[in-house]
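Here are my notes for a reader who is new to this structure. Please keep the model open while going through the points.

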Amino acid sequence: QVQLVESGGGLVQAGGSLRLSCAASGRGFSINAMGWYRQAPGKQRELVAGITNGGMTNYRNSVKGRFTISRDNAKNTVYLQMNSLKPEDTAVYYCNVVIERGALASDYWGQGTQVTVSS
């Protein structure tokens, strides 16, 4: 069994910063890609940023230059540093991790953490 635990959400004023963390725990697995998604009320879940096990990153256009995704493979943890936050960044943020067990790969999701940016 793999568990993902997220932390770091909260309320911040526009222009402020937050750092999200997501740690994977369990036994007998390796991690491939990791990423962060978000879902605002009434909207579909969307990819915010992703990082491969080789460290290659990708971002949605609206967060480029403001958000930075990183990972610590020794800790099985992915981070999202969010700077210059805007009210439109308000959403529930979910981490996503692709777990490999032998030849099988599965998606796991964190429980979600609320990020609210006030204007």
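1. Start with the aromatic rings. One aromatic pair turns up in a search of the whole structure. Rings of Phe, Tyr and Trp (for Trp, the six-membered ring) pair if their centres lie within 6.5 Å; planes under 30 degrees apart are stacked, over 60 edge-to-face, and the rest tilted. The ring centres of Tyr-37 and Trp-109 are 5.0 Å apart and the planes stand at 65°, so this pair is edge-to-face. It links distant parts of the chain: Tyr-37 lies in strand 4 and Trp-109 in strand 10, 72 residues apart. Strands (E, at least two residues) are DSSP runs numbered from the N terminus.

2. A word on the basis. This is a predicted model, in which local features need pLDDT of at least 70 and side-chain atom pairs count only at pLDDT 80 or more, while totals for chains, interfaces and linings use all residues. Residues are numbered from 1 along each chain as its sequence is written, and side-chain values use heavy atoms, with hydrogens and water left out.

3. Tyr-37 has 23%, so Tyr-37 is partly exposed. Trp-109 has 38%, so Trp-109 is partly exposed too.

4. Strand 9 (residues 91–101) pairs with strand 10 (residues 104–109) in the antiparallel sense, over six bridges. Strands count as paired if DSSP finds at least two bridges between them. Val-98 stands opposite Asp-107 of strand 10. Two residues separate the strands of this hairpin, and Gly-102 in the turn has a positive phi of about 65°.

5. The whole structure holds one disulfide by the search, the criterion being two cysteine sulfur atoms within 2.5 Å. Cys-22 is joined to Cys-95, with S to S at 2.0 Å. Cys-22 is in strand 3 (residues 18–25) and Cys-95 in strand 9, so the link spans distant parts of the chain, 73 residues apart. The torsion about the S-S bond is about 40°, so the disulfide is right-handed. Both Cys-22 and Cys-95 are buried.

6. Four strands are arranged in the order 1-3-8-7, with antiparallel pairing. Strand 1 (3–7) and strand 7 (67–72) are the edge strands, each pairing on one side only. From one strand to the next, the twist averages 15°, taken between lines fitted to C-alpha atoms, with angles from 0 to 180 degrees between N-to-C directions. Strand 3 and strand 8 (residues 77–82) run antiparallel and are joined by six bridges. Ser-21 has Tyr-79 in strand 8 as its bridge partner.

7. How many salt bridges are there? The count is four, where a side-chain nitrogen of Lys or Arg must be within 4 Å of a carboxyl oxygen of Asp or Glu. Arg-38 meets Glu-46 at 2.8 Å, N to O. Arg-38 also meets Asp-89, at 3.0 Å, N to O.

8. Follow Glu-46 onward. Glu-46 forms a salt bridge with Arg-60, the closest N and O atoms being 3.4 Å apart. Glu-46 sits in strand 5 (residues 46–51), and Arg-60 in the loop between strand 6 (57–59) and strand 7. Glu-46 is partly exposed at 25%, and Arg-60 is partly exposed at 28%.

9. Finally, the nonpolar core. Such a core is a set of buried Ala, Val, Leu, Ile, Met, Phe, Trp, Tyr and Cys residues joined through side-chain atoms within 4.5 Å. The largest has 29 residues, and those with the most contacts inside it include Trp-36, Phe-67, Leu-80 and Tyr-93. Strand 9 gives the most to this core: five residues. Among the strands that each supply at least two are strand 3, strand 8 and strand 11 (113–118).

Notes:
Buried means under 20% relative accessible area, exposed over 50%, partly exposed in between (1.4 Å probe, protein chains only).
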